[in-house]
Amino acid sequence: MKRIKKRTIMLMVALPLLGVGVLFSLIAFDRLSNSSKPLIELSVIVRDSDSSLWTAARKGMEQAAADYGAELRFLTLTASNSSEDQKKLLDREISNGADAIVIAPVDPAALGDAVQAAASVASMVTIDTDMSEYGADACVSVDNSLLALSLGNAALAGTQDGDSVIVAYSSQANTLTQLLIDETSKALREGDRKVILCSADRIGMYLNYSPPDAIIAVDSDALERVARLVQSADAQPLIYGNGVTSDIAHYLEIGIIEMIAAKNEYASGYLAVQAAVQKALNEKVAPIEYLPFYFVTNETMYEPDYQKLLFPVS
């Protein structure tokens with residue numbers, strides 16, 4: 001009787017251990033089979049020399065790369081808004097065997113031939129600027145014409161007929177920036193505002209000698225610089241802008257910036273990499289609609305939905 005009990009106890013202990021061992025073997029085998037699957041070589045080419053402007057988008061890209069099985073190379077330029085740098089990187093990455101490319105084009109016309117050649121051997125997804133006519137497979141973007149019009153209308157609501165509004169930018173070499181400048185300026189002129197186009201580098205001159213009633217910064221780099229200058233200046237024009245960084249969120253919080261247009265940068269990065277990998281694997285890529293954008297003020301910035309846009313990386 002004692003022997004039977006002892007054997008029963010031994011079986012009660014051994015069987016669960018055996019089950020755990022089998023389960024562990026299955027998990028180990030599954031991981032081994034997954035790890036043996038080759039990763040998609042994916043290169044991301046942005047239009048800036050400063051990667052901090054892409055922090056949230058990069059987090060989204062890295063998550064999509066992990067989810068869909070890609071090895072991500074994130075590449076910045078030696079000089080911001082250099083089409084020549086982008087062409088060199090594009091040619092190099094294709095020569096090195098990249099299966100997929102995500103690119104934020106500086107100038108589609110200047111990059112057209114290079115993108116067309118790359119798209120013939122790798123999947124190609126663009127950010128902010130559509131290059132489907134050159135063979136790109138998809139574009140992840142907001143409706144930039146609508147965004148520019150909305151920025152112009154916001155400044156119209158905060159100013160009066162005849163007031164002066166500076167439209168500030170970091171570089172006109174960027175085709176996207178030029179579109180935003182043109183469309184925003186058009187809305188302001190139609191609203192009877194005096195429009196001044198000015199590089200962010202020269203804003204200090206106006207603040208010291210001829211302060212405007214408002215400033216619209218059409219990109220995040222220009223918006224940061226404008227806010228920094230206005231904070232230390234006697235003149236305090238209304239500031240509206242496009243883009244989100246940690247510094248921009250700070251200036252919005254302390255009231256230097258009146259309002260910003262923000263999109264979900266994390267989602268933008270994720271969708272771009274997702275589409276590029278799916279196309280590289282010859283999977284069906286769902287059409288990508290325009291991403292939404294949102295206007296955020298000091299009063300609304302801590303609403304839950306807007307916190308995700310302003311503080312996406314904790």
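I started my notes at Asn-282, which I found in the loop between helix H10 (265–280) and strand E11 (293–297). I kept in mind that this is a predicted model. The phi of Asn-282 is positive, about 65°, although the residue is not a glycine. Is Asn-282 buried or exposed? Asn-282 is exposed, with a relative accessible area of 73%.

Next I looked up Asn-81, another residue with a positive phi, near 60°, and again not a glycine. Asn-81 sits in the loop between strand E2 (70–75) and helix H3 (83–95). I checked its accessibility too: Asn-81 comes out at 13%, so it counts as buried, the cut-off being under 20%.

Then I stepped back to the whole chain. I counted eleven helices and eleven strands. The chain has 314 residues, and 47% of them are buried. I noted an accessible surface of about 16,100 Å², with 52% of it belonging to carbon and sulfur atoms. Among contacts with a separation of 6 or more, 68% join residues 24 or more positions apart.

My last stop was the inside. In soluble globular proteins, nonpolar side chains tend to be buried together. Here I found that the largest nonpolar core holds 47 residues. Which of its residues touch the most other members? They are Leu-42, Val-102, Val-125, Leu-188, Ile-216, Tyr-240 and Val-273. Apart from this core lies another, of 30 residues, including Cys-198, Ala-200, Ile-239 and Ile-256.

Leaving out residues up to four places away in sequence, Leu-188 touches Gly-152, Ala-155, Leu-156, Val-165, Val-167, Arg-193, Val-195 and Ile-216.

Methods:
Residues are numbered from 1 along each chain as its sequence is written. This is a predicted model: local features need pLDDT of at least 70, side-chain atom pairs count only at pLDDT 80 or more; totals for chains, interfaces and linings use all residues. Side-chain values use heavy atoms; hydrogens and water are left out. Helices (H or I, at least four residues) and strands (E, at least two) are DSSP runs, numbered from the N terminus. Buried means under 20% relative accessible area, exposed over 50%, partly exposed in between (1.4 Å probe, protein chains only). Contact means heavy atoms within 4.5 Å. Accessible areas come from the Shrake-Rupley method with a 1.4 Å probe; for residues, only the protein chains shown count as cover. A nonpolar core is a set of buried Ala, Val, Leu, Ile, Met, Phe, Trp, Tyr and Cys residues joined through side-chain atoms within 4.5 Å.
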